[in-house]
Amino acid sequence: MAALDRVLVVMMVLTTVLAIGFNTVSADPDLLQDVCVADPTSGIKVNGFTCKQNATAQDFFFAGLAKPGLTNNTFGSLVTPANVMQIPGLNTLGVSMARIDYAPGGLNPPHTHPRATEIVFVLEGALNVGFITTANVLITKTIQKGEIYTFPKGLVHFQKNDGKVPAAVIAAFNSQLPGTQSLGPTLFAASPPVPDNVLTKAFQIGTKEVEKIKSRFAPKK
């Protein structure tokens, strides 16, 4: 994709997110000054980050979404975030982005974003995407290059590349730090661990099955 096309994509996605953020219901609180560049080294705990004293252009810049991420992992996908942890200038602005790359057959497994709605724009390839409502209704669609799909705040959702070529999306969020809870690791790799008797009853499986699943999500030594 040409550089100009990429710029147009990013501008369109950001415009959409800003429109969401300025709605009467916002994911993050409104800012009270022009900028509040995050100071992650501060020992003061607030809802977000305290402001550092002097802002620079670098605080508002990030080049990490320009290149595809490596997808040679278990799920065949990689999320490259561009939130307040990578761009301190996003603090209090209520927006962030990410790039997600998928190998052929790759999956961004079921997960939620507790603090944000997500909207994705397909850069390359095609994806089967979907989310599940609180009534356990699956809403799914195949999206192609140049198309957009939205995942409502807090609902479980996924993206799967069933094609034979790599795929990629740019995602945008109406939060500076949307948070991600992937269902598998959340339940089977929590620290301290979720008790086995909770998981066996919840999933109607035996202790051996629980231990087997936990072993697959355990950190590699």
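Modeller: Leaving aside neighbours within four places in sequence, His 157 is in contact with Pro 109, Pro 110, His 111, Thr 112, His 113, Glu 118, Gly 130, Phe 131 and Phe 151 (contact means heavy atoms within 4.5 Å). Before we go on, please keep in mind that this is a predicted model, where local features need pLDDT of at least 70, side-chain atom pairs count only at pLDDT 80 or more, and totals for chains, interfaces and linings use all residues. Residues are numbered from 1 along each chain as its sequence is written, and side-chain values use heavy atoms, with hydrogens and water left out.

His 157 sits in strand 8 (residues 156-160); strands (E, at least two residues) and helices (H or I, at least four) are DSSP runs, numbered from the N terminus. Its relative accessible area is 1%, so His 157 is buried (buried means under 20% relative accessible area, exposed over 50%, and partly exposed in between, with a 1.4 Å probe and protein chains only). The side chains of His 157 and His 113 are joined by a polar contact of 3.5 Å. That term stands for a pair of N or O atoms within 3.5 Å; within protein, one must be able to donate a hydrogen and the other to accept it, and residues adjacent in sequence count only if both atoms are side-chain atoms.

His 113 has a polar contact with the side chain of His 111 as well, at 3.4 Å. His 111 belongs to strand 3 and is buried, with a relative accessible area of 3%. Beyond residues up to four places away in sequence, His 111 touches a set that includes Glu 118, His 157, Gln 181 and Ser 182.

What does the record say here? An unreviewed UniProt entry places the feature "binding site" at His 111, His 113, Glu 118 and His 157. These positions are spread over 47 residues of sequence, yet they cluster in space, with a largest C-alpha distance of 11.8 Å. UniProt positions are given in the numbering used here, feature names are shortened, and annotations may be inferred rather than shown by experiment.

Now for the strands around these residues. An open, antiparallel sheet of five strands runs in the order 6-5-8-3-10. Strand 6 (138-144) and strand 10 (181-182) are its edges, each with a single partner strand, so one side of each has no neighbour in the sheet. Two strands count as paired if DSSP finds at least two bridges between them. Strand 3 (residues 107-112) and strand 10 run antiparallel and are joined by two bridges, and His 111 stands opposite Ser 182 in strand 10.

Strand 4 (residues 118-124) and strand 7 pair in the antiparallel sense over four bridges, with Glu 118 opposite Phe 151 in strand 7.

Rings of Phe, Tyr and Trp (its six-membered ring) pair if their centres lie within 6.5 Å; planes under 30 degrees apart count as stacked, over 60 as edge-to-face and the rest as tilted. Four aromatic pairs turn up in a search of the whole structure. For Phe 131 and Tyr 149, the centres are 6.4 Å apart and the planes at 45°, so that pair is tilted. The pair links distant parts of the chain, 18 residues apart: Phe 131 lies in strand 5 (residues 126-132) and Tyr 149 in strand 7 (residues 148-151). Phe 131 counts as buried at 10% relative accessibility, and Tyr 149 does at 11%.
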